[in-house]
Amino acid sequence: MIKLFSGKYRYSGGSFSAAQDNTGYEKTMAYKIIAAHSEVTPEPGKGVRIKFDALASHDITYVGIIQTARAIGLEKFPVPYVLTNCHNSLCAVGGTINEDDHVFGLTAAKKYGGIYVPPHFAVIHTFMRENFAAAGKMILGSDSHTRYGALGTMAIGEGGPELVKQIIGKTYDLKYPEVIAVELKGAPKKGVGPQDVALAIIGAVFPNGFVKNKVMEFVGEGIKNLPIEYRNGIDVMTTETTCLSSVWETDEEVETYMIKHQRGGDYKKLAPEDGALYDGYISVDLSAVEPMIALPFHPSNVYKLKDLIANPYDILSECERKGRELLKNDAFNLTSKIDKQGRIIVDQAVIAGCAGGTYDNIFAASRILRGGNIGKALNFSVYCGSQPIYSDLSRKGVLAELTDAGVIVKTSFCGPCFGAGDVPQNNGFSIRHTTRNFENREGSKPGEGQIASVALMDSRSIAATARNGGVLTAATDIDYDDNIPAADYSAAAYRNRVYFGFGKPDENEKLVLGPNITDIPRIPVLKENLIMKVAAVISDPVTTTDELIPSGETSSYRSNPLRLAEFTLSRKVPEYVSRAKAVKAAEAEVEAGTIPEDYRRAFEILGCTPENAEIGSVVYAVKPGDGSAREQAASSQRVLGGIANIAKEYATKRYRSNLINWGMFPFRYDGAPSDFKVGDLILIKDPVAALEKGETSATVLSDSVRTIRLTVDPMTAEEKKIIAAGCLINYNRQTMGGKK
């Protein structure tokens with residue numbers, strides 16, 4: 001089904017062979033797109049500096065981005081910047097603050113020349129596919145699932161500061177990435193959907209980091225056998241492989257999509273040149289892919305659905321064991337979902353978001369449910385990806401067919417993907433065609449005794465399960481009409497409601513800032529001596545951004561950095577915030593010229609004074625930053641006085657970039673988590689030198705005094721200056737003369 005090939009391979013005549021030299025890297029699609037957007041010519045191992053064609057954010061990221069850019073001196077958006085409102089759409093927490101953010105977004109779009117998409121109108125990535133993605137383009141979004149590769153666009157999801165850099169005219173800097181070919185062969189069988197293919201790929205490449213921070217380039221004759229939304233559904237899930245970006249060959253299917261979306265002029269043919277050199281390749285036999293399921297708590301925890309159905313107890317009990325270890329709670333239970341007949345019974349079903357809410361996925365679900373119903377016990381919700389999709393499905397009777405079967409059809413909203421909608425009951429088991437199934441991601445709070453589970457599946461098998469009364473069922477076991485009519489597209493809803501203001505900034509427009517929209521607190525400049533106090537030690541194999549800063553109800557406070565910071569690590573290390581605040585209070589004493597008693601020994605060892613010493617907290621985690629691009633995973637630590645993370649490795653480039661842009665050291669340490677404990681002091685003399693050398697000797701003041709080696713992976717010259725300045729805002733104020 002999926003085969004991985006390491007090493008250099010050349011693609012020629014439609015097949016791969018081991019490369020005998022390093023020529024041909026410039027013949028990939030990825031190279032040509034990057035070269036067209038980089039201020040320097042790309043070379044393997046060398047840096048590139050990219051400027052994007054468009055930017056995209058949603059309503060839990062755009063306020064902070066615009067506020068940061070304003071602090072530096074924002075006058076207008078230099079490229080199309082789309083502000084969607086698909087995350088804080090319910091306005092259910094915190095009184096007026098969610099709608100206040102939306103009003104801020106609209107006035108910012110008018111003032112600076114942006115595009116504003118109202119709540120419930122479109123999921124961010126659906127809107128970008130429909131309106132901006134095009135072959136050969138590059139788009140940067142402040143959401144990790146910014147992926148439009150199936151339309152020929154190289155799109156990247158990053159934290160907000162990287163969008164700020166684009167807004168103020170700077171570049172996205174990174175080492176030219178390795179490119180991995182993904183060869184698609186054959187055609188999927190009936191009942192197998194895009195989520196099945198995506199999960200099969202994720203399960204094969206995530207555990208070994210095969211494509212981590214690389215570009216996945218999809219090629220092969222199998223592409224022509226996939227409808228465009230099928231391709232989009234696979235592509236958006238490449239985020240869960242931890243790749244940097246993706247791009248696909250384009251063909252008549254893409255051209256038809258562009259013409260239907262009134263952008264026929266944006267189409268062009270993309271394909272690698274004969275002899276293109278890749279840094280490895282993945283072979284995918286589409287005909288061998290089966291319906292898949294990703295069990296809690298990661299999209300890579302993948303099984304064939306038929307294997308789980310045939311052997312439920314062994315598989316669920318093993319998942320249960322691992323879940324209890326991860327949650328540190330023996331109450332986690334999955335085997336209770338097996339009934340007396342050995343069937344797995346689910347409580348809830350959801351099809352939603354950028355992965356699930358497409359025309360094809362929803363239409364297929366309605367065909368499977370035609371003539372049946374979901375029964376009395378199952379809760380089943382479907383969210384359309386955009387109003388044009390909603391309108392098309394409505395005109396064709398699909399929504400009526402779904403509602404008649406007992407399904408609840410809802411408007412465009414990303415809530416089920418991050419825990420702000422359709423939260424199941426305690427011990428509930430939810431199957432979803434969405435993007436993620438991390439712990440807490442569905443909205444439960446294990447720290448308060450609430451534990452629920454999400455498994456990822458394709459909409460087709462979700463509908464088959466619903467038709468079978470909630471008994472877990474593969475779509476390949478259901479006979480249904482899979483002849484889905486072509487989608488029709490009308491932009492009327494967008495024309496009548498979306499504010500398209502790019503190129504039309506109005507400096508006289510007054511920004512409307514609700515009471516929850518606050519400025520970013522002052523961040524100190526780095527000093528000559530660093531004293532870090534360990535505030536959390538996390539020994540889990542991977543720590544997600546949702547654990548660093550929970551999603552769900554916290555989203556409402558993301559326009560208020562200090563209030564949001566109160567939630568930092570709240571579901572993982574509840575004591576972290578009070579510990580970090582205590583360190584911040586000690587730093588305030590030092591700034592006032594007093595050395596706290598707990599830190600006197602550290603000052604003696606370093607031989608420093610309050611004037612040239614900085615005190616901050618530090619988090620140790622084995623592999624932090626998997627998942628969301630949300631910058632708040634780093635900024636919330638920073639506003640609480642965090643100065644560094646120490647890790648064995650960083651799960652994603654975007655989390656490491658967020659740390660850097662918020663002035664935090666991304667230290668690495670090869671030893672064991674047990675080498676640190678809460679309360680340890682870690683002392684570094686001349687931390688700027690550590691950035692230059694890529695390593696430093698640090699003194700650990702614990703039960704004894706010892707020395708350890710910390711390293712820093714290569715950084716650009718600008719990244720080093722950002723940390724030395726204390727954060728990106730400080731650095732840009734220094735270099736661009738922004739607001740003080």
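This is a predicted model: local features need pLDDT of at least 70, side-chain atom pairs count only at pLDDT 80 or more; totals for chains, interfaces and linings use all residues.
Just after helix 2, G73 takes up a positive phi of about 120°. The buried set runs through Y62, V63, I65, I66, Q67, T68, A69, A71 and I72. As for what covers these buried residues, the list includes strand 4 (54-57), strand 5 (81-83) and strand 6 (115-116), along with helix 3 (97-112), helix 5 (160-167) and helix 26 (728-736).

Aromatic rings come next. The structure holds 23 aromatic pairs. One of them brings together F665 and F667, whose rings are stacked, with 5.0 Å from centre to centre and 5° between the planes. F665 is buried, at a relative accessible area of 0%, and F667 counts as buried too, with 0% relative accessibility. Elsewhere, ring pairs tie F5, Y9, Y11, F16, Y278 and Y281 into a cluster.

K214 has its charged end over the ring of F210, 6.0 Å from the ring centre. Likewise, the charged end of K623 sits over the ring of F206, at 5.7 Å from its centre.

Finally, there is an annotated stretch. An unreviewed UniProt entry lists residues 622-670 as "domain: Aconitase A/isopropylmalate dehydratase small subunit swivel". In the model, this span is 35% helix and 27% strand, and its end C-alpha atoms lie 10 Å apart.

How values were computed
Residues are numbered from 1 along each chain as its sequence is written. Side-chain values use heavy atoms; hydrogens and water are left out. Rings of Phe, Tyr and Trp (its six-membered ring) pair if their centres lie within 6.5 Å; planes under 30 degrees apart count as stacked, over 60 as edge-to-face and the rest as tilted. Buried means under 20% relative accessible area, exposed over 50%, partly exposed in between (1.4 Å probe, protein chains only). A charge sits over a ring if NZ of Lys or CZ of Arg is within 6 Å of the ring centre and within 35 degrees of the ring normal. UniProt positions are given in the numbering used here, feature names are shortened, and annotations may be inferred rather than shown by experiment. Helices (H or I, at least four residues) and strands (E, at least two) are DSSP runs, numbered from the N terminus. Contact means heavy atoms within 4.5 Å.
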